[in-house]
Amino acid sequence: ADAQTGCHSAMTAGALLRAAARSFASNRSSGLAVAAQQTRSFAKKTEVSDADALTVEIPVPFEAHRIEPPTQFVETSKTEIVEMFTQAYLMRRLEIASDVLYKGKFIRGFCHLYDGQEAVCVGMEAALTKDDAIVTSYRDHCTHLGRGGTPLEVMAELMGRVDGASKGMGGSMHMYKRDAHFFGGNGIVGAQTPIGAGLAFAMQYEKRPNVAVAMYGDGAANQGQLFEALNIAALWDLPLIYVCENNHYGMGTAVAKSAKSPEYYKRGDYVPGLKVDGMDALAVKKAMAFAKAHCVSGKGPIVLEMDTYRYHGHSMSDPGSTYRTRDEITGIRQERDPVERLRKLILEKDLLDPAEIKTIEKAQRKIVDDAVAAGKASPEPPTENLMRNMNQATANVVIRGVDSQTRTALF
């Protein structure tokens, strides 16, 4: 999640906060239909038996601001670690398939890939429930999977087909899953941060024991609306977790060239913060559980900085090699890759043998291949959908022209 070229929203942080709160309340009261059968659901909690339990030490220390950090040990299980690997591998394959589809012109427009950052989604979901709300930026394909969405919903949406998460009307930047409190990707830089504050306000108002998570990148971390929303969240002690996915490049600009203060977990000043190894799914799980406990106890918001990395460029139009070296990318892959770290942990703990890992990988590749085929077969939205969800009561509606004197009445 980096900064993206595009117009900025004219709405104030307060207006977005109120809009998000109304959306959350509407979600609660609208009597949602039962969700369709999901191919995979990643937001389920893993049942852990005593025999299955493991304690793992997190190798990279947490760095804390205005708060005592959690311990470096995380309680987990064989089942959870294997499921994390399965999820992360599926996410990786889905993003690789998206790359191929884009280059084949099946996907058009903006497309921002998440490969390299999978540990953030996987670890985050291990500490949350579907009653917690998430809103993120336009790098949102894997977030949708994490919330329980299917690969078909992602692939069909990327190709603009009716079986997509937003019925083919949103595209890459606008995944959405209301029944799992995923309030989508957002195409405007940083605009999701006040929406997150609004979601947290709704939870506090309804006295729900849950949190709102607003995710943004280092490129959006200098946005004024982030600080406006953080200020009001701190004033009202809202249960809000800000997650800065610091992948070190806002579009093509390195952190050192865009941030005088690159310690994003300290950017909240009066708000506590924690820096986390965002390439370690178990470290993310530990930090997110810690942050959620902080928020639901009434202590207000917290900022988490996830130190992560993206392998692709900012978007598919960016080769990603003009502002960094290929050796840098290769070095991260070899030393910190989140999928390989989970694979290594499985082998070190003797949780599975290599043949069993290969079986998992083969199954996930088939899931992605099937989703691609089904997405291509899905029809495009019918023309009449262009006028759906629009105000068609045009009586007394007047549009002002380019010059302030011109008026056009709609009939």
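Analyst: On a 1 Å grid over the protein atoms alone, a cavity is a set of points where a 1.4 Å probe fits but cannot get out, and lining residues have an atom within 4 Å of a point. A pocket, by contrast, is an open set with protein on both sides within 12 Å along at least five of seven lines. This is a predicted model, in which local features need pLDDT of at least 70 and side-chain atom pairs count only at pLDDT 80 or more, while totals for chains, interfaces and linings use all residues. Residues are numbered from 1 along each chain as its sequence is written, and side-chain values use heavy atoms, with hydrogens and water left out.

User: Which residues line the largest cavity?

Analyst: Its lining consists of Y216, A221, L226, F227, L230, Y264, R267, G268 and V303. Helix 7, residues 224–235, gives the most, with three residues. Helices (H or I, at least four residues) and strands (E, at least two) are DSSP runs, numbered from the N terminus.

User: What is the volume of the largest cavity?

Analyst: The volume is about 60 Å³. A volume here is the space filled by probe spheres set on the points, and grid points are joined across faces, edges and corners.

User: How does that lining divide by class, and what are the classes?

Analyst: The lining of the largest cavity has seven nonpolar residues, one polar and one charged. Ala, Val, Leu, Ile, Met, Phe, Trp, Tyr, Cys and Pro count as nonpolar, Asp, Glu, Lys and Arg as charged, and the others, Gly among them, as polar.

User: Now the second largest pocket. How much space lies in it?

Analyst: About 370 Å³ of space lies in the second largest pocket. It has 20 lining residues, and those closest to its centre are P59, R341, K344, L345 and E348. Helix 11 contributes the largest share of this lining, eight residues. By class, the lining of this pocket has eleven charged, eight nonpolar and one polar.

User: Let us change topic. Which residues touch the most others in the largest nonpolar core?

Analyst: They are M155, V213, I241 and M288, in a core of 68 residues. Helix 2, residues 78–103, supplies the largest share of this core, eleven residues. A nonpolar core is a set of buried Ala, Val, Leu, Ile, Met, Phe, Trp, Tyr and Cys residues joined through side-chain atoms within 4.5 Å. There is also a second, separate core of 27 residues, which includes V135, Y216, L226 and L230.

User: Is I195 buried or exposed, and why?

Analyst: I195 is buried because its relative accessible area is 17%, and buried means under 20%, exposed over 50%, and partly exposed in between, with a 1.4 Å probe and protein chains only. I195 lies in helix 6, residues 192–205. I195 and A214 are 19 residues apart in sequence and 7.8 Å apart in space, C-alpha to C-alpha.

User: And where is S261?

Analyst: S261 is in the loop between helix 8 (255–258) and strand 9 (273–277). S261 has a relative accessible area of 32%, so it is partly exposed.

User: Last, what is the mean pLDDT of the chain?

Analyst: The mean is 90, and 87% of the residues reach 70 or more; pLDDT is the predictor's confidence in each residue, from 0 to 100. Over residues 1–11, however, the pLDDT is below 50. Over residues 28–43 the pLDDT is also below 50. Where pLDDT is low, the predicted coordinates should not be read in detail.

Definitions and conventions: Contact = heavy atoms within 4.5 Å.
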